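Keep the model open beside you as you read.

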Amino acid sequence: MRVDVRYFTKNGGTKKLAEAIAKAVGAEALTVDKPLEKYADVVFLGASVYGGKPDPAVVKFISDNAKNIGKIVVFGSACTGKSTYPAIKSAAAGCAVKTAEMFFQCKGQFWFFNKNRPNDQDCTDAADFAKKQIKILGVT
């Protein structure tokens, strides 16, 4: 089974999480502007909250790649603690793509709030989450 990792970031926080997840699942972390070239059973999709929702590039990635996505597992960070999970789940459902019930969320830095987040512990937690999801979803 194939696993891919895609992310969108403005300040690098979600990239840190994506790289930790990719290392944990044996994939490469790529930005959402890189299309899926092959069908992926699981796509770990990372985004932060910007103005209360994920960047439009994330939603475009889902719609442009829907035929190559088996299931999306959402991860991300946000200063406010608000998750992009509901918006990503809704966008995925609109494209007939399934979304895992569990998602990973941690604090993210915005200006002087949550300085240095995500941190090393957040990245370790994201990697552990990804490994558990792979087991739950039966990906080998």
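Asparagine 68 sits in the loop that connects helix H2 (56-65) to strand E4 (69-78). Helices here are DSSP runs of H or I with at least four residues, strands are runs of E with at least two, and both are numbered from the N terminus. The model is a predicted one, in which local features need pLDDT of at least 70 and side-chain atom pairs count only at pLDDT 80 or more, while totals for chains, interfaces and linings use all residues. Residues are numbered from 1 along each chain as its sequence is written, and side-chain values use heavy atoms, with hydrogens and water left out.

Is asparagine 68 buried or exposed? Asparagine 68 counts as buried because its relative accessibility is 16%; buried means under 20% relative accessible area, exposed means over 50%, and partly exposed is in between, using a 1.4 Å probe and protein chains only. Apart from neighbours within four places in sequence, asparagine 68 is in contact (heavy atoms within 4.5 Å) with Leu36, Lys38, Tyr39 and Ala40.

Which strands pair with E4? Two strands count as paired if DSSP finds at least two bridges between them. E3 and E4 run parallel, with 6 bridges, and in this pairing valine 42 is opposite lysine 71 of E4. Lysine 71 also stands opposite lysine 98 in E5, and E4 and E5 are parallel strands joined by 2 bridges. E4 is parallel to E6 as well, through 4 bridges, and there serine 77 faces cysteine 106 of E6.

Next, turn to helix H3 (residues 85-94), where Tyr85, Ile88, Ala91 and Ala92 are buried. Why do these residues lie on the same side of H3? They do so because they cover an arc of only 135 degrees around the axis, the arc being that of the directions from the helix axis to the C-beta atoms. An α-helix has 3.6 residues a turn, so residues three or four places apart point the same way. Strand E3 (40-46), H2, E4 and strand E5 (98-99) are among what covers the buried residues of H3. On the face turned away from the buried side you will find the exposed residues Pro86, Ser90, Ala93 and Gly94. Just after H3, alanine 96 has a positive phi of about 60 degrees.

Finally, look at the charged side chains. The structure holds 5 salt bridges, each being a side-chain nitrogen of Lys or Arg within 4 Å of a carboxyl oxygen of Asp or Glu. One of them joins lysine 89 to glutamate 101, with the closest N and O atoms 3.7 Å apart. This pair links distant parts of the chain, since lysine 89 is in helix H3 and glutamate 101 is in the loop between E5 and strand E6 (104-107), 12 residues apart. Lysine 89 is partly exposed at 34% relative accessible area, whereas glutamate 101 is exposed at 58%.

Salt bridges with shared partners also join Arg2, Asp4 and Arg6 into one network. Within it, the closest N and O atoms of aspartate 4 and arginine 6 are 3.5 Å apart, and both of these residues are buried.
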